[in-house]
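Reader: I would like to learn how to read a model of this kind. Please take one feature at a time.

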Amino acid sequence: MTRVAEIFQTMEYGPAPESAEAVRAWLAKHEDGFGLFVGGDWVKATGGTLSALEPATGNPLARVGVATPKDVDRAVASARAAFPVWSKTSGHERAKVLYALARLIQKQSRFLAVLESLDNGKPIRETRDIDVPLVARHFYYHAGWAQLLDEELPGRKPLGVVGQIIPWNFPLLMLAWKIAPAIACGNTVVLKPAEHTSLSALYFAELCQEAGVPAGVINIVTGAGETGQAIVDHPDVAKIAFTGSTEVGKLIRARTAGSGKSLTMELGGKSPFIVLEDADLDSAAEGLVDAIWFNQGEVCCAGSRLLVEEGVADKLVAKLKARLGQFRVGDPLDKVIDMGALVAPVQKERVSALVDQSRSEGAEIWQPDIAMPTEGSFYPPTLITGVGTGNTAWCEEIFGPVLTVMSFRSVKEAVQLANNSRYGLAAAVWSQDINRALEIAAELKAGVVWVNTANQFDAAAPFGGYKESGFGREGGRAGLEAYLQSESLWTDDPAVLPPAKPNAGGAPVAGVIDRTPRNYIGGKQTRPDGGSTTEVYTADGRHAGRVGEGNRKDIRDAVEAAFAAESWSSSTAHNRAQILYYWAENLAVRAEEFEARLVAVAGGSPKQAAAGVARSIERLFAAAAWADKYESPALKVPSKQLAVTVHEPLGIIGIVCPDPQPLLSFVSLVAPAIAMGNRVVVIPSQRFPLLATDLYQVLETSDVPAGVINIVTGERDVLAKTLSEHDQVDALWYHGSVEGSRAAEAASVGNLKQTWVNGGRGRDWMGKGGERETMRRATQVKTIWVPYGS
Amino acid sequence: MAIHAVGRSDAPAPSHNEPERNPGVPFDASWVEAVRVNRSAVERRIDSLGGRRTVKKDWQAAWLLKAVTCMDLTTLAGDDTPGRVQRLCAKAKHPIRRDLAEALGVAELNLTVGAVCVYHEMVETAVKALEGTNIPVAAVSTGFPAGLSPFKVRLAEIGESVAAGAREIDIVISRRHVLTGDWAALYDEVKAFREACGPAHLKAIIATGELGAADKVGKASMACMMAGADFIKTSTGMEGVNATLPVSLIMVRQIRDYLERTGWQVGFKPAGGIRAAKTALSYLTLMKEELGDAWLSPHLFRFGASALLGDIERQLEHFLTGRYSAAHRHPLG
């Protein structure tokens with residue numbers, strides 16, 4: 001029987017390999033090893049080389065340079081040298097460079113797809129149909145931003161030299177996500193690809209030469225952790241953009257604390273995939289293939305936790321098992337596979353160990369009986385059932401082809417289970433009922449929500465996480481803002497006034513009845529936990545009164561009260577605006593009293609005090625005005641779906657106020673924060689806390705719900721540390737000393753809260769309100785994708 | 001769950017035995033109402049399928065031969081004549097040029113197409129022309145393509161065609177029952193047609209291009225299977241949109257659901273607009289992936305096509321010679 005006749009009977013699939021000839025020829029040309037791409041040219045790494053291996057076979061592919069701190073220094077210097085010219089190059093000229101890169105990527109798309117597949121182990125189907133087209137799209141999209149920047153985001157400036165560190169799971173795509181927006185905005189970059197997967201970045205460097213990218217604008221240094229550390233530590237780097245594990249993200253946060261470097265981080269995830277009983281279950285099963293068995297599950301936003309409504313759980317699991325029974329795992333260059341190889345043996349061991357751990361904790365592990373390659377870092381698709389919420393496979397990011405299943409009883413429970421995680425990167429919801437699906441989408445704490453789909457990406461759609469999945473966005477307007485700075489709000493004025501020199505002889509402030517202010521927690525004036533008070537003084541050192549000496553337990557109570565006030569975050573913007581207006585109204589009624597208090601306590605002329613109160617009222621109006629106007633449009637993604645971004649509150653923000661302008665600075669920070677739906681715990685001016693404590697009654701009469709604004713008086717840096725360490729606090733805005741800023745950032749690593757610190761600088765509180773910047777800091781972007789079609 | 005038929009979806013090799021016929025089940029509206037279809041997700045599955053599965057070289061040749069055996073070679077034109085139908089039947093008996101079949105090593109298999117599909121008036125001619133073979137004649141029926149002639153006439157039409165020797169009847173459903181959601185009426189109609197078919201196999205054409213929404217395609221499929229359809233078929237070939245891979249996916253998933261509920265295997269026939277060999281391979285892939293190897297057989301899978309065979313022949317010749325072929329080198333059907 002001929003082979004054709006045989007196959008006619010069996011109807012099996014045969015091999016269909018994509019040719020790697022051109023890529024292997026290119027690698028052969030570089031068999032002596034790759035250099036570093038610095039200043040538009042190739043230089044030898046001084047740290048020797050490391051071996052790039054082919055995950056599917058374990059065979060060596062190439063030798064890649066290891067950049068030492070000295071090499072990194074050279075790359076940063078070249079980026080720094082290129083910055084003055086590149087940042088002043090016209091938007092149109094920059095657009096032309098980005099466009100040239102986009103075109104070259106398209107022209108070399110097959111080559112790039114094969115190279116990426118060889119180096120990473122992912123299927124050629126994915127590199128060809130997903131990775132590389134998204135890379136080209138990213139450069140096109142940002143060519144457009146370069147063109148439009150001056151018009152659309154006037155007054156914004158690039159940051160300078162940006163250090164970018166990317167992971168191995170989407171080597172070229174993550175490079176595009178990092179480089180395209182950075183250079184579109186006029187920054188120059190030093191990028192380090194992951195040690196396992198440097199090759200597409202090195203080929204990209206060759207494309208940069210061909211595209212005419214000016215020397216030094218894009219520098220690519222290869223190496224491992226130490227190379228990355230040298231970038232993170234480099235004093236001339238203005239910003240670090242990192243994609244990788246939460247563990248490394250925390251290290252970077254700690255190392256950059258107080259450095260003034262801006263930071264965006266896209267970290268790990270354990271994303272829920274929620275299936276309601278009215279979902280198209282066949283499609284949901286296939287959606288899971290796209291969610292967790294895409295890229296071998298080595299996806300930060302992989303839908304690794306399946307939450308399925310109890311009534312259809314068995315049915316969906318049966319469908320999944322049937323689908324996995326048809327799964328094909330093998331040579332990444334073969335066009336007849338669903339899944340390729342994990343990136344390296346070490347990753348396979350890690351996945352395997354986590355699955356073993358889950359089993360030992362009582363989980364049931366299921367893998368299909370399918371043909372598996374005998375060599376290379378292959379791991380079968382895996383289904384884990386019978387787990388509790390404490391099981392390793394349910395909690396830990398596995399970064400492999402492993403799905404863990406749990407059922408739920410109601411939408412409410414689904415949301416609770418979904419949000420019961422340190423992570424908050426992405427989520428999927430499957431239902432044919434748009435009402436239910438969108439309700440869940442609104443309640444999920446995740447930066448991206450896919451309705452009836454999974455793992456959709458586009459350059460126009462912001463991507464990034466909530467909670468310990470990181471901060472900052474990539475893609476869209478929000479992503480662009482991460483590479484630009486507004487006109488600075490900071491001045492050389494101090495934020496901390498020297499401690500009072502008590503003037504024992506001075507007369508106490510006249511005409512004020514002792515009000516014995518306490519803390520303001522949960523809408524009540526509460527006695528400080530320690531039972532102590534601190535004497536506070538006027539600007540010229542006279543006794544002004546006493547305030548509570550707050551301690552860590554007061555902070556704990558204040559955060560609990562803020563947590564309980566969660567309904568504020570889901571109240572309507574209109575409602576929040578009304579309360580802010582009412583607050584302004586009530587402050588106006590008592591303007592004279594506050595003016596007098598300002599003069600008496602903080603010093604200054606009555607005219608200055610009157611202006612300060614008036615400006616505070618204006619700030620309340622501005623925040624109220626913005627409450628329902630800080631919005632973003634529907635996104636123009638190139639597929640048939642409605643993709644929208646919503647600005648959501650961060651949750652609980654800790655606000656540490658400066659000493660000057662004790663009323664105005666308080667209002668300027670607190671009003672936008674609560675306008676966006678946050679609840680706040682405020683440490684008022686340590687020097688002049690009475691202006692804040694005087695506000696208690698104003699807040700009470702303004703219908704500010706209990707727990708939305710909580711105020712603890714006391715020693716700034718002691719309380720700030722407790723706030724920064726508190727894992728329930730989502731962000732910390734610190735105004736204090738240089739050292740206090742560093743300490744606040746360093747202490748924030750526990751839950752990777754978003755920090756905004758003054759670095760010891762002051763602000764012209766009477767001048768710019770900085771509302772836009774403040775609201776940007778007070779919100780996080782959620783992108784919701786809803787494909788449609790009947 | 002009882003499995004009445006041979007060749008389960010997880011069987012190692014396709015069955016060449018005819019499965020037991022689906023007798024249908026009593027109408028249960030909840031089966032229809034349970035159907036959920038997300039159109040966008042269905043399209044994404046189809047978009048990615050071509051990148052996940054492909055066949056090249058020997059495999060492609062073998063799969064194309066399989067496609068030939070699953071073909072309902074069709075002529076449904078107002079100007080059909082006995083001569084035209086006889087020529088088509090000759091092609092049906094020897095769809096692959098003899099030298100190609102020999103070179104491929106399948107000459108002794110005497111491959112034929114799955115059936116010849118004609119209007120009632122041509123049934124007798126076709127039956128006669130196919131005498132001595134096992135190729136069935138299929139008649140389109142019940143007021144094809146619109147299905148709006150009197151019900152009694154439609155029933156009688158089935159009887160006439162069966163009497164004339166048709167072993168398969170491709171009926172059209174009343175689209176209004178689907179559009180108005182009257183699933184019981186649809187069930188009754190198809191059940192009556194099935195009874196009228198007697199021993200002949202019934203293929204229910206649901207005319208997907210006229211049903212308005214993806215979930216209606218799924219629901220109509222389920223109602224027809226409950227009523228005892230042996231096959232469900234996408235289109236008459238006369239609608240604005242005929243067979244597409246996404247609607248096919250919706251239908252085959254319902255076949256799988258029905259199998260899981262009842263144990264009965266129902267066949268699938270996409271029809272209209274399938275002209276390229278490459279498209280035929282996509283359909284075979286879809287069947288293999290979603291239903292299993294049992295559906296890679298004319299007993300459970302057919303293409304309704306007239307121009308497809310010519311392209312397959314050219315591709316097979318290219319496979320053997322490495323040169324691109326020309327239409328006139330293959331016997332005209």
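Reader: How many residues of chain B are in contact with chain A?

Author: This is a predicted model. The size of an interface is often given as the accessible area lost when the parts come together. Here the count is by residue: 35 residues of chain B are in contact with 34 residues of chain A.

Reader: Which helices of chain B supply at least two residues each to the side that touches chain A?

Author: They are helix H2 (39-52), helix H3 (57-69) and helix H12 (277-290) of chain B. H2(B) gives the most, with 9 residues. By class, this side of chain B has 15 nonpolar, 5 polar and 15 charged residues.

Reader: Now the strands. Where do the residues of strand E3 of chain B point, and are they buried or exposed?

Author: E3(B) covers residues 137-140. B:Val137 and B:Ala139 point one way, B:Ala138 and B:Val140 the other way, and all are buried.

Reader: Which strand do 3 bridges join to E3(B), and how do the two run?

Author: One such strand is E2 (residues 115-118) of chain B, and the two run parallel. In this pairing B:Cys117 stands opposite B:Ala138. Between E2(B) and E3(B) the chain passes through helix H6 (residues 123-129) of chain B, in a right-handed β-α-β crossover.

Reader: What joins E3(B) to strand E4 of chain B?

Author: Again 3 bridges, with E3(B) and E4(B) (residues 168-172) running parallel. B:Ala138 stands opposite B:Glu168 in E4(B). The chain goes from E3(B) to E4(B) by way of helix H7 (residues 151-163) of chain B, and this β-α-β crossover is right-handed.

Technical notes: Residues are numbered from 1 along each chain as its sequence is written. Chains are lettered from A and ligands numbered from 1 in the order in which they are written. This is a predicted model: local features need pLDDT of at least 70, side-chain atom pairs count only at pLDDT 80 or more; totals for chains, interfaces and linings use all residues. A residue is buried if 20 or more other C-beta atoms lie within 10 Å of its own, exposed if 12 or fewer, and partly exposed in between; C-beta atoms are placed from the backbone. Helices (H or I, at least four residues) and strands (E, at least two) are DSSP runs, numbered from the N terminus. Two strands pair if DSSP finds at least two bridges between them. A crossover is right-handed if, with the strands pointing away from the viewer, the path from the first strand over the helix to the second runs clockwise. Two residues are in contact if their C-beta atoms, placed from the backbone, lie within 7 Å. Ala, Val, Leu, Ile, Met, Phe, Trp, Tyr, Cys and Pro count as nonpolar, Asp, Glu, Lys and Arg as charged, and the others, Gly among them, as polar.
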